Amino acid sequence: MGKIIFFTGGSRSGKSKFAEEYIYENKYENKIYFATAIAFDEEMKDRIKKHIERRGTSWKTIEGYKNLVSLVKNEIDNADVILFDCVTNFVSNYMIMDREIHWDNIDLSIVQKIEENLQEETYKFLEFIRSKKCDCVFVTNEIGSGLVPDYPLGRYFRDICGRINQIIAKNSDEAYLAVSGIKVKIK
């Protein structure tokens with residue numbers, strides 16, 4: 001049965017570095033990096049490049065933000081661990097990609113349906129991991145500790161991402177909070 005390990009923290013808190021260190025410290029051999037970011041601009045391209053350089057070449061990379069199980073099902077039996085980096089990008093991409101939505105004037109039933117779909121996707125992925133021998137280390141931003149966004153999309157994103165984080169954290173075997181480069185075990 002696969003374990004769920006959860007790393008959260010603010011921007012630049014060290015959460016991805018701690019998640020990678022966790023994987024190396026536990027001597028996982030066959031590693032999958034599940035990348036959910038999309039390189040829209042130079043800044044994101046630079047972030048992705050730095051993550052790749054830090055990890056090295058011993059990882060199999062899978063990219064995507066929807067149909068999570070289908071993206072890993074052909075690779076998972078040969079893997080010891082998946083680093084899912086990150087939940088925040090998974091949620092934001094799922095919310096905005098391939099959609100023509102006017103977020104400032106949206107029917108709340110559409111927001112609710114998007115969240116229900118994200119929750120379903122998350123639960124399916126967690127159940128799939130639990131059914132395998134492969135562990136999964138999730139990385140996510142702790143976005144609830146910041147300012148309340150002054151625009152609807154930001155508030156919807158914050159709320160939905162917070163609830164998806166809660167689902168993963170509740171179902172995790174271990175959970176860590178990264179604060180200013182310090183790792184704190186919370187579960």
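These are my notebook entries on a predicted protein model.

**Ground rules**

I number residues from 1 along each chain as its sequence is written, and my side-chain values use heavy atoms, with hydrogens and water left out. Because the model is predicted, local features need pLDDT of at least 70 and side-chain atom pairs count only at pLDDT 80 or more, while totals for chains, interfaces and linings use all residues.

**Entry 1: overall layout**

I began with the elements and found six helices and seven strands. I took both from DSSP runs numbered from the N terminus (helices are H or I, at least four residues; strands are E, at least two). Read from the N terminus, the order is β-α-β-α-β-α-β-α-α-β-α-β-β.

I then looked up the extent of the protein. The C-alpha trace spans about 50 × 35 × 35 Å along its principal axes. For 187 residues, a compact globule would have a radius of gyration near 16 Å, and the protein agrees, with 16 Å. I take this radius over C-alpha atoms, and the globule rule is 2.2 Å times the number of residues to the power 0.38.

Next came surface and burial. The accessible surface is about 10100 Å², and 50% of that belongs to carbon and sulfur atoms. The areas come from the Shrake-Rupley method with a 1.4 Å probe, and for residues only the protein chains shown count as cover. Of the 187 residues, 46% are buried. I call a residue buried under 20% relative accessible area, exposed over 50%, and partly exposed in between (1.4 Å probe, protein chains only).

I also looked up contacts (heavy atoms within 4.5 Å). Among those between residues at least 6 apart in sequence, 78% join residues at least 24 apart.

I checked the length of helix α6, residues 152-170. At 1.5 Å a residue, its 19 residues should span 27 Å, and the end C-alpha atoms are 27 Å apart, which agrees. The expected span is 1.5 Å times one less than the number of residues. The buried residues of α6 include Tyr156, Phe157, Arg158, Ile160 and Cys161. I noted that the buried residues of α6 pack against β1 (4-9), α4, α5 and β5 (135-141).

In helix α1 (residues 15-25), the buried residues include Lys15, Phe18, Glu20 and Tyr22. Lys27 follows α1 and has a positive phi, near 55 degrees.

I looked for a cis peptide bond and noted the one from Asp85 to Cys86, with omega near 10 degrees. Cys86 sits in the loop between β4 (81-85) and α4 (87-96).

Asn67 is not a glycine, yet its phi is positive, about 50 degrees. It lies in the loop between β3 (59-63) and α3 (68-72). Asn67 is partly exposed, at 47% relative accessible area.

Asp98 is not a glycine either, and its phi is positive at about 60 degrees. I placed Asp98 in the loop between α4 and α5 (108-130). Its relative accessibility is 63%, so Asp98 counts as exposed.

**Entry 2: salt bridges**

Side chains of opposite charge can pair when their charged atoms come close. I counted a salt bridge where a side-chain nitrogen of Lys or Arg is within 4 Å of a carboxyl oxygen of Asp or Glu. The structure holds 13 salt bridges.

Asp98 came up again here, in a salt bridge with Lys66 (3.0 Å, N to O). The pair links distant parts of the chain, 32 residues apart, with Lys66 in the loop between β3 and α3 and Asp98 in the loop between α4 and α5. Lys66 is partly exposed, with 36% relative accessible area.

Arg130 and Asp173 also meet in a salt bridge, at 2.7 Å from N to O. Arg130 is in helix α5 and Asp173 in the loop between α6 and β6 (174-179), so this pair ties together parts 43 residues apart in sequence. Arg130 is partly exposed, at 23%, and Asp173 is partly exposed, at 36%.

The salt bridge of Glu120 and Lys124 has its closest N and O atoms 3.2 Å apart. Both residues lie in helix α5, four residues apart, about one turn of the helix.

**Entry 3: a nonpolar patch**

Last, I looked up a nonpolar surface patch of about 340 Å², made by Val179, Ile182, Val184 and Ile186. Patch residues have over 30% relative accessible area and no salt bridge; like charges are joined within 9 Å, nonpolar side chains (Val, Leu, Ile, Met, Phe, Trp, Tyr) within 5 Å. Ile182 is in strand β7 (residues 182-185) and is exposed, with a relative accessible area of 54%.
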